[in-house]
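Subject: A structure for you to look at

Hi,

Here is the structure I promised to pass on to you. Please open it beside this email, and then read on for what turned up in it.

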Amino acid sequence: MYRVSCRRLPGRLGLCVFEPLHKIAIIKQILKVFVHHYRSGNGEWLQIRHFYLPKCQYVTKVDKGLYQRAKPKAEPSSAPFPEKSPLINDVVVRSVQQVPTITPYPSSLHEDEEQIPGKAGMEEVADDKGTSQDNRKGKQWNEVKVQLADLPGIYAKLSKIKLTALVATTATAGFAMAPVPFDLSCLLLATLGTGLASCAANSINQFFEVPFDSNMNRTKNRPLVRGQISPLHAVSFAAACGVPGIAILALGINPLTGALGAFNLFLYTCCYTPMKRLSILNTWVGSVVGAIPPVMGWTAATGSIGAGALLLGGILYSWQFPHFNALSWNLREDYSRGGYRMMSVTHPALCKRVAFRHCFGLIGLSTLCSVFDVTTWTFPLISLPINLYISYLGYRFYRDSSRNSARKLFFCSLWHLPMLLLLMLTCKKSIAGSESTIHHQVQTEMQV
């Protein structure tokens, strides 16, 4: 019943490991020799002799001829180690009776099913799991239930309502800066059409980026990521906004404004969105997208693209680099997890240089507005303090490369743009002055 597992070693030394025996009394006496007899399960008699010496112990198994030398206990260095130890001939013989056979555990571990607690409950859980797995296999999509009261908030998140409001504001600024008489109905149509086109572009952008937004802390709570609405619902909302928005711009205002709106929608959804995972050039493409709305406002008022429209677009183009580069600097980990190739992730030095460069570019563009008679010469002067301040923060961001400097530059950009557009509007050249200038140019050409 009990086995002795042994391993042979070179020479006459061997190692024996004995399993514990029940009902065996072992008397430990120093300087004695013990002989133990016991019978294993297969009927073989084994004899074990224990020779106890003062410093070491030898265990001999007679039948197999194996020997083991146990490691002596550690003694203090001061105690001398005897070279030879006399062997004591006193022998104590003890006979060990056969250990009774242990009855095996019953092979049948199951009692009556009625006596086992929780048996029925376990079977019901197993049936439920099987049913749910079958249902999963049979269904390829999950039904999404949407409460009617939650739809306005979901649509606001889907269309990025704050960004859409900024786009509509810049379009309104472009319309207001145009040197033409003010038309309220045209302004409302231009603002509405531009806002609807922006809602459509943002919705399609979120539809394409669901797998990537789920990896980012900044975007993981978007409606499509959380499953608040279905992808079909999001695409339907985008179509319901995009088609009427472009139609209002093209039919309600003029074809040029409608074409710019359609081009901007295409540029944002089909170029900028996939380019975010391919190249850092996506930042420049995104800046072009942000520069088009004020041009649309100008064309909605005048029907053509003039120097004022290009200058307004240039200001929006340059403003977006310090704004977005500072934002992306503190979101580098998020963009990296999402798989987006941003300057702040792959080219941090370029990210800082570009932001600083375009901060100074705003000063030059503000000066050009007076050169091309879009504003008076007062505008470059009164806008110089805020332009110098954002340039200073851009320099701090370029020099320090810290989260704090990036955060300050980003928050400064939030109030800098509305302030700059407001100052531009207050310094706008009067329509009478513009008409007199045009009349003087026409007379000069006729005299020539």
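How many nonpolar, polar and charged residues does the lining of the largest pocket have? Before the answer, please keep in mind that this is a predicted model. The lining has 25 nonpolar, 17 polar and eight charged residues.

Let's stay with that pocket for a moment. It holds about 1,400 Å³ of space, and 50 residues line it. To find its centre on your screen, look for Lys 160, Leu 163, Asn 202, Arg 218 and Tyr 268, the lining residues that lie nearest to it. Several helices give two or more residues to the lining, including H2 (151-158), H3 (161-177), H4 (184-208) and H8 (255-275). H9 gives the most, with eight residues.

Next, the nonpolar cores. As a general background, nonpolar side chains in soluble globular proteins tend to be buried together. The largest nonpolar core here has 57 residues. Ile 315, Tyr 335, Cys 369, Phe 379, Leu 409 and Met 424 are the ones that touch the most other members. Among the helices that each supply at least two residues of this core are H7 (231-253), H13 (348-371) and H15 (384-400), while H10 has the largest share, with 11 residues. Another core, of 16 residues, lies apart from it, and Cys 199, Leu 224, Phe 237 and Val 285 are among its members.

Leaving aside neighbours within four places in sequence, Met 424 is in contact with Met 177, Leu 312, Ile 315, Cys 369, Thr 375 and Phe 379.

Now for two residues further along. Leu 331 sits in the loop between H10 and helix H11 (332-338). Is Leu 331 buried or exposed? Its relative accessible area is 17%, and because buried means under 20%, Leu 331 counts as buried.

What does the side chain of Asp 334 reach? It reaches the backbone nitrogen of Asn 217, at 3.1 Å. Not counting residues up to four places away in sequence, Asp 334 touches Met 216, Asn 217 and Arg 218.

Enjoy exploring!

Best wishes

Conventions. Residues numbered from 1 in each chain as written. Predicted model: local features only at pLDDT ≥ 70, side-chain atom pairs only at ≥ 80, totals over all residues. Heavy atoms only, no water. 1 Å grid on protein atoms, 1.4 Å probe; cavity = no way out; pocket = protein on both sides within 12 Å on 5 of 7 lines; lining within 4 Å. Points joined across faces, edges and corners; volume = space filled by probe spheres on them. Helix = DSSP H or I, 4+ residues; strand = E, 2+ residues; numbered from the N terminus. Nonpolar A, V, L, I, M, F, W, Y, C, P; charged D, E, K, R; others polar. Buried < 20%, exposed > 50% of the residue type's maximum accessible area, 1.4 Å probe, protein only. Core = buried A, V, L, I, M, F, W, Y, C linked by side-chain atoms within 4.5 Å. Contact = heavy atoms within 4.5 Å. Polar contact = N/O pair within 3.5 Å; in protein donor to acceptor, adjacent residues only side chain to side chain.
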